[in-house]
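Me: I want to learn how the terms for this model are applied. Please start with the word "contact".

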Amino acid sequence: MQNPTSIEPKRIEKLRRPNILLITADQWRGGCLSAVGHACVKTPHIDALAREGTLFRQHYAGAAPCSPARATLYTGLYQMNHRVCRNGSPLDARFDNLALAARRAGYDPTLFGYTDTAPDPRGMDAADPHLTTYEGVLPGFTARQLLPEHERQWLSWLRSRGHANAVSRDIHIPVGAQAGVISDAAPAYSSDETQTAFLAGEFIRWMGEQDRPWFAHVSFLRPHPPFSVPAPFNRMYKPGDGPAFARAENREAEQEAHSYLAYAMSLTDKGSFIHGAQGPLSAWSSENFAAIRAIYYGMISEVDAQLGRIWQALKDAGSWENTLVVFTSDHAEMAGDHWTLGKGGFFDGSYHIPLIIRDPANAAAGRIVDDFTSAADIFPTLCARLGIEAKNGLDGRSLMGFIRGERAEGWRDAIFWEFDFRDIANGEAERHFGLRSNQCNLAVIRDGRFKYVHFTALPPLLFNLGNDPMELDDVAADPAYAAIRLEYAEKLLSLRARHLDQTLAYTELTEKGPVTLRPR
């Protein structure tokens with residue numbers, strides 16, 4: 001039998017320098033976990049992670065769509081500071097991020113999937129092909145297995161497995177279905193051959209090659225559209241399963257609620273969600289939305305099954321007790337709420353996302369946190385856990401206090417996110433509203449009582465969440481709510497003032513040299 005004192009230093013070193021596994025599943029609604037009591041969705045493997053870790057029930061993305069949301073996740077900054085406004089907006093090279101910080105901590109952060117990071121074009125040659133896509137790699141990551149949205153690497157893998165027809169994304173069309181038609185039939189590939197299974201397998205193979213603490217980011221594309229999933233997940237849920245849709249009586253009533261909704265809803269195209277579909281989303285009926293949502297739920301369970309495969313591989317390799325696991329999403333999915341699909345705008349359905357952190361150094365498990373947390377908190381949490389500092393000011397705060405079972409002093413009492421609807425390439429929003437690009441944005445502050453939506457150059461919105469949890473009744477113009485509207489507008493103004501870039505604001509040059517105040 002080993003002498004306990006001889007193994008204790010090794011255990012301490014493992015806890016100090018754990019493996020880090022950051023998993024994102026794209027477009028996952030925060031309520032779609034059986035661990036939080038969803039009416040039908042089953043996620044047994046995520047539930048198992050939550051039982052060993054900390055589940056954050058009020059976790060929100062900082063922006064949408066993918067590039068802005070991930071910029072907040074990776075940099076710990078709100079959009080007002082990182083300025084990634086749209087897919088294709090470059091990420092300023094001066095900002096620190098979790099991959100660069102991990103390198104300073106002695107890791108080689110390795111990517112499986114994608115980060116949707118458009119590079120800073122300054123200092124790059126104008127002909128550099130990296131400037132033709134927003135699907136670049138976050139600086140600091142070593143890319144082991146890329147899988148951007150075109151999915152060519154996965155398609156090549158499918159062909160090697162005998163799927164000769166896996167030459168395009170048409171492989172997502174269910175067998176026997178017409179292109180563009182909503183169908184719960186299965187595609188030609190099996191549940192062992194999904195993009196999720198492909199990436200999970202590549203990660204597991206790589207993990208077996210490691211002989212020192214590692215940092216991996218597994219960035220799954222699912223449950224992002226197109227909405228299609230193999231058996232048994234394609235018919236695991238039925239249309240009508242789950243909670244009622246949060247929406248107005250009809251699409252017209254929804255559009256009348258605000259000029260932004262009338263504009264955005266009219267632009268949404270079916271092809272973004274069902275491969276090969278054409279025409280406006282408005283052509284789909286309530287029954288179509290119900291059918292799509294059932295497939296979406298199945299896609300969530302498919303990802304959960306592959307997460308179970310990863311958990312088991314970690315245990316089989318003897319790495320489970322030395323691996324810090326973070327599971328989250330970049331942003332959420334409307335899934336038929338408010339007569340729409342996708343992400344963006346201001347509704348909770350686009351921004352409420354899951355977060356579970358399991359840290360082997362903290363023995364207590366099964367914690368549930370109901371405080372508001374932000375995607376901006378992930379980077380500072382990893383910095384705190386690894387004992388490193390970011391090279392610039394951050395908007396997020398470390399969640400390690402919650403993970404240790406402590407109450408964080410002065411924690412936020414409201415959550416904040418932003419959405420920018422400018423259109424640099426085509427200028428549609430600018431022309432439609434008669435606005436400049438820097439006026440095409442909104443900011444949201446939300447607590448347990450009210451939600452205030454401030455548009456830079458359009459009328460604001462105010463929802464009394466106690467009476468109106470589905471966000472259907474705007475009371476911003478109601479004189480009875482004038483004082484509350486002012487209160488929340490002032491809260492938003494104060495929040496933005498507090499979070500202006502603080503990188504050098506805490507430093508003063510004195511006769512004794514630079515003096516830096518460490519913010520709390």
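Reply: Contact means heavy atoms within 4.5 Å. One more term: helices (H or I, at least four residues) and strands (E, at least two) are DSSP runs, numbered from the N terminus. This is a predicted model, where local features need pLDDT of at least 70 and side-chain atom pairs pLDDT 80 or more, while totals for chains, interfaces and linings use all residues. Residues are numbered from 1 along each chain as its sequence is written, and side-chain values use heavy atoms, with hydrogens and water left out.

Me: What do the buried residues of α9 pack against?

Reply: They pack against α8 (251–256), β9, α13 (428–433) and β11. The buried residues of α9 (residues 259–267) are Tyr260, Leu261, Tyr263, Ala264 and Met265.

Me: What makes a residue buried or exposed?

Reply: Relative accessible area decides. Buried is under 20%, exposed is over 50%, and partly exposed lies in between (1.4 Å probe, protein chains only).

Me: Why is helix α11 called largely enclosed?

Reply: Eight of the nine residues of α11 (residues 378–386) are buried, so the rest of the structure largely encloses this helix. Among them are Phe379, Cys383 and Arg385. Just after α11, Gly387 has a positive phi of about 70°.

Me: What makes a nonpolar core, and which residues touch the most other members of the largest one?

Reply: A nonpolar core is a set of buried Ala, Val, Leu, Ile, Met, Phe, Trp, Tyr and Cys residues, joined through side-chain atoms within 4.5 Å. The largest core has 93 residues, and Leu21, Phe203, Trp311 and Phe346 touch the most other members. Helix α10 (residues 286–316) gives the largest share, 15 residues. Leaving out residues up to four places away in sequence, Trp311 touches Leu21, Ile23, His45, Ile46, Leu49, Trp320 and Val325. A second, separate core of 37 residues includes Leu77 and Cys383.

Me: Why do β11 and β12 count as paired?

Reply: Two strands pair if DSSP finds at least two bridges between them. β11 (residues 450–455) and β12 share four bridges, so they qualify, in the antiparallel sense. One of the links joins Val453 to its bridge partner Leu461 in β12.

Me: Why are β9 and β12 edge strands?

Reply: The open antiparallel sheet runs β9-β10-β11-β12. β9 (415–420) and β12 (461–464) each have a single partner strand, so one side of each has no neighbour in the sheet.

Me: How do you know that Arg161 and Glu193 form a salt bridge?

Reply: A salt bridge needs a side-chain nitrogen of Lys or Arg within 4 Å of a carboxyl oxygen of Asp or Glu. Here the N to O distance is 3.0 Å, so the pair qualifies. Both residues lie in the loop between α6 (152–160) and α7 (195–207), and the pair ties together parts 32 residues apart in sequence.

Me: What makes Arg235 exposed?

Reply: Its relative accessible area is 53%, so it passes the cut-off for exposed. Arg235 also forms a salt bridge with Asp184 (3.2 Å, N to O). Asp184 has 36%, so it is partly exposed.

Me: How many salt bridges does the structure hold?

Reply: It holds 28. Another of them joins Lys491 and Asp447, with the closest N and O atoms 3.5 Å apart.
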